[in-house]
Amino acid sequence: MALPPAARRDTLVAGLALTLCLVLFPRALLRGELFFERDLNLDWYLRLEAVARAVREGGLPLWDLGIGFGQPLLADPGTQVLYPTTWLGLVLPRGAGYTAFVVLHLVLRNEKLTWRFA
């Protein structure tokens, strides 16, 4: 079954974006280096670890009891609990999860790219 022209175009644009990511970020994609060390270690990794801890304990990632009297997870937009790519950090190693998070956004969130599911 041949793809319609719009789907072929979208696939080509996504492939070009992925190729561009490989050219621009070979150390992150091929060597496992990270994009931002400081902010990831101080903020994103800690939030993701709190979400992972809640899920490992069989609960919903609603509240982080690890700091003081606790802080919200689900209600904090910075934690992005309901954002699908955040969950990549739970199934992949933290660094690889963040790299996948960044690359997927670069490839899939291109303004000119319109995905059609038909």
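Me: Which residues make up the largest nonpolar core?

Reply: This is a predicted model. Its largest nonpolar core has seven residues: Leu40, Trp44, Tyr45, Leu48, Tyr98, Phe101 and Val102.

Me: Why is tyrosine 98 called buried?

Reply: The label needs a relative accessible area under 20%. Tyrosine 98 has 12%, so tyrosine 98 is buried. The same cut-off applies to phenylalanine 101: at 11%, phenylalanine 101 counts as buried.

Me: Why is the pair of tyrosine 98 and phenylalanine 101 called stacked?

Reply: Two cut-offs matter: ring centres within 6.5 Å make a pair, and planes under 30 degrees apart make it stacked. Here the centres are 5.7 Å apart and the planes are at 20°, so the pair is stacked. Both residues lie in helix H5, three residues apart, which is about one turn of the helix.

Me: How do you know that the pair of tyrosine 83 and phenylalanine 101 is edge-to-face?

Reply: Edge-to-face needs planes over 60 degrees apart. The planes of tyrosine 83 and phenylalanine 101 are at 70°, with 6.3 Å centre to centre, and the pair is edge-to-face. Tyrosine 83 lies in the loop between S2 and helix H4 and phenylalanine 101 in helix H5, so the pair ties together parts that are 18 residues apart in sequence.

Me: What makes Tyr83, Tyr98 and Phe101 a cluster?

Reply: Ring pairs link the three residues. A search of the whole structure finds two aromatic pairs, and phenylalanine 101 is paired with tyrosine 83 and with tyrosine 98.

Me: How many residues of each class line the largest pocket?

Reply: The lining has six nonpolar, three polar and six charged residues. About 160 Å³ of space lies in this pocket. Of its 15 lining residues, the closest to the centre are Leu46, Arg47, Asp64, Ile67 and Gln71. Leu counts as nonpolar, whereas Arg and Asp count as charged. Helix H3 and strand S2 are the elements that give two or more residues to the lining, and the largest share, seven residues, comes from H3.

How values were computed: Residues numbered from 1 in each chain as written. Predicted model: local features only at pLDDT ≥ 70, side-chain atom pairs only at ≥ 80, totals over all residues. Heavy atoms only, no water. 1 Å grid on protein atoms, 1.4 Å probe; cavity = no way out; pocket = protein on both sides within 12 Å on 5 of 7 lines; lining within 4 Å. Points joined across faces, edges and corners; volume = space filled by probe spheres on them. Helix = DSSP H or I, 4+ residues; strand = E, 2+ residues; numbered from the N terminus. Phe/Tyr/Trp six-rings, centres within 6.5 Å; stacked < 30°, edge-to-face > 60°. Buried < 20%, exposed > 50% of the residue type's maximum accessible area, 1.4 Å probe, protein only. Core = buried A, V, L, I, M, F, W, Y, C linked by side-chain atoms within 4.5 Å.
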